Amino acid sequence: MSIAPPPRVPVDDPGVEGHVPSVEEAPETQSVPWRHRHLLDLDVVSWAEIELVMRTADAMREVLSRPIAKVPALRGRNVTILFYEASTRTRVSFEVAAKNLSADVVNIAAPTSSASKGESLVDTVKTVEALGADMLVMRHEVSGAPYLAAEVFGGSVLNAGDGRHAHPTQALLDLYTMRERLPGGSVAGRKIVILGDVLHSRVARSNIWALTAAGADLWLCGPSTLLRGFEAWAVAGGVEGRQFRVTSSVDEAVRDADVVMALRIQRERMASGLLPSLREYAARYGLTADRLALAKPGALVMHPGPMNEGVEIAPDVAAGAQSVITDQVTNGVAIRMALLYLLAGAAGPRRPA
Ligand code: CP
C-alpha cells in the first residue's frame, strides 16, 4: 500500500520541487531532488533541501505510527555504523532508522575493532567497504574525519558527529522538533537561544547553519571563554545574510525567547582555565526555572543530550512541562530514516558486489 504524501509546502528555491518521495519504493526508482551523496554538514545544504528533509521525516513519522513500522526502501543495502566516540541516542536511532527501512545493519565500536591495534581510519573505511558497506554512519573525535572517509569510501558517508565541528543530523532533528512544537510550525523570526559550552559544541555549529537558513533570530550565549571565535563568525555570517548574535548576558539572551537550548559542558574537550569551576558555571549560566521565567510563557526547553543535570540545566527544568528533550530523541529516528532514504536515492542503485 502506498502512503499518502504530506501536503506540499512551498519552497524558496524554484529549482527544487516540493516533492515527497514515497517510502514504499526503492529510493533509486524515484525522482528524489536531493543532490548530496554524503551528509557531512549543513553548510552546503540549501533551505529547500532542508525543507525536503522535514517533509520526508513527516512521511517517516507516518511509517512509525503503523503497527509494523517497517518499509522495504533500503532492502539489500548495508548500513555500517562506525563509532570512535561514545553515544547512546545517535547510534541507537541510526540503527533503529536503518532497520525500519529494512537495511542490513553492522555496528562497529572503535575500542573493540582493529582501530585499537593501530589500524588507520582510511584502512578501516576501505575494509568495511570491502565487507559490503553501502552507507557509512560515522562518529569520530577528530573534526574533519568524515571528510577523509568520504574521500576513500565508494558509498555515502553520514556524519554522526566529528569533534567540535559538526553534528548535522542533530541540528535537523532539533529544527524538526521546533517546527513541530512552535505555534505556526515555523522558526522564522523566532528568538532561539543556544546557551552554554558553544566553543566545544558541534551541535551549536550545525544549528547555526540550520537556524540561520531558517531565518530564526538566533542568539549564542555563554561565558566569553566558551564563545571565542563566534563573534567573528557572526560578523562574517551577517555579510552573507546568516545573522546571529553573541552575548555573555544570560538575561539579555533568554528574555522573550521562544526556545532555549542548553548545551552540555564538554569536560572531555575542556582545556584548563576556561571555567573557574562547574559550581560557578551552574550559578552564572545554568538554565534554572528563574532564568527560564524570563523567556516567553511556554518557551521550549531543549538539550541535545546527554545532560549534566545541575550544571547546564536544572533537573526541574529538564523534566518540566516546557521540556521537549524526549521529543528530540524520538524525532531523531524519523529524521535519520529520512536522511538514509534521501542519500540512498542520491547514491543510486546498490553497487554490484
Ligand atoms: N546528542 C547526541 O549526539 O547524543 P549521543 O552522544 O548520546 O549520541
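**Ground rules.** This is a predicted model, so I kept to its cut-offs: local features need pLDDT of at least 70, side-chain atom pairs count only at pLDDT 80 or more, and totals for chains, interfaces and linings use all residues. Residues are numbered from 1 along each chain as its sequence is written, and side-chain values use heavy atoms, with hydrogens and water left out.

**Ligand shell.** I first asked which residues are around the ligand. I found Ser87, Thr88, Arg89, Thr90, Arg139, His167, Gln170, Pro304 and Gly305, where near means that a heavy atom of the residue lies within 4 Å of the molecule. I sorted this shell into 1 nonpolar, 6 polar and 2 charged residues. For that sorting, Ala, Val, Leu, Ile, Met, Phe, Trp, Tyr, Cys and Pro count as nonpolar, Asp, Glu, Lys and Arg as charged, and the others, Gly among them, as polar.

**Ligand distances.** I then looked up individual atom pairs. A polar backbone atom of Thr88 is 2.9 Å from an oxygen atom of the ligand. Arg139 has a polar side-chain atom 2.9 Å from a ligand oxygen. At Pro304, a backbone N or O atom lies 2.8 Å from a nitrogen atom of the ligand. How much of the ligand's own accessible area does the protein cover? I noted 93% of the 250 Å² that the ligand has on its own (Shrake-Rupley method, 1.4 Å probe).

The ligand sits in the largest pocket. Sitting there requires more than half of its atoms within 2 Å of the pocket's grid points. A pocket is an open set of points on a 1 Å grid over the protein atoms alone, with protein on both sides within 12 Å along at least five of seven lines.

**Cis bond.** I checked the peptide bond from Gly305 to Pro306 and found it cis, with omega near -10°. Pro306 is in the loop between strand E9 (300–302) and helix H11 (315–318); helices (H or I, at least four residues) and strands (E, at least two) are DSSP runs, numbered from the N terminus.

**Positive phi.** Most residues other than glycine have a negative phi, and most peptide bonds are trans. Ser102 is not a glycine, yet has a positive phi of about 70°. I placed Ser102 in the loop between helix H2 (89–100) and strand E2 (104–109). Is Ser102 buried or exposed? Ser102 counts as buried because its relative accessibility is 14%, and buried means under 20%, exposed over 50%, and partly exposed in between (1.4 Å probe, protein chains only). Asp256 also has a positive phi, near 65°. Asp256 lies in the loop between H8 and E8 and is partly exposed at 47%.

**Asp258.** Asp258 is in the loop between helix H8 (250–254) and strand E8 (259–262). Asp258 is buried, at 5% relative accessible area. Its side chain makes a polar contact with the side chain of Arg190 at 3.0 Å (N or O atoms within 3.5 Å, one able to donate a hydrogen and the other to accept it).

**Helices H1 and H5.** Leu173 is in helix H5 (residues 168–181) and is buried at 2%. Leu64 belongs to helix H1 (residues 47–64) and is partly exposed at 28%. C-alpha to C-alpha, Leu64 and Leu173 are 15 Å apart in space and 109 residues apart in sequence. For Leu173 and Thr56 I noted 12 Å in space and 117 residues in sequence.

Terms used: On a 1 Å grid over the protein atoms alone, a cavity is a set of points where a 1.4 Å probe fits but cannot get out, and a pocket is an open set with protein on both sides within 12 Å along at least five of seven lines; lining residues have an atom within 4 Å of a point.
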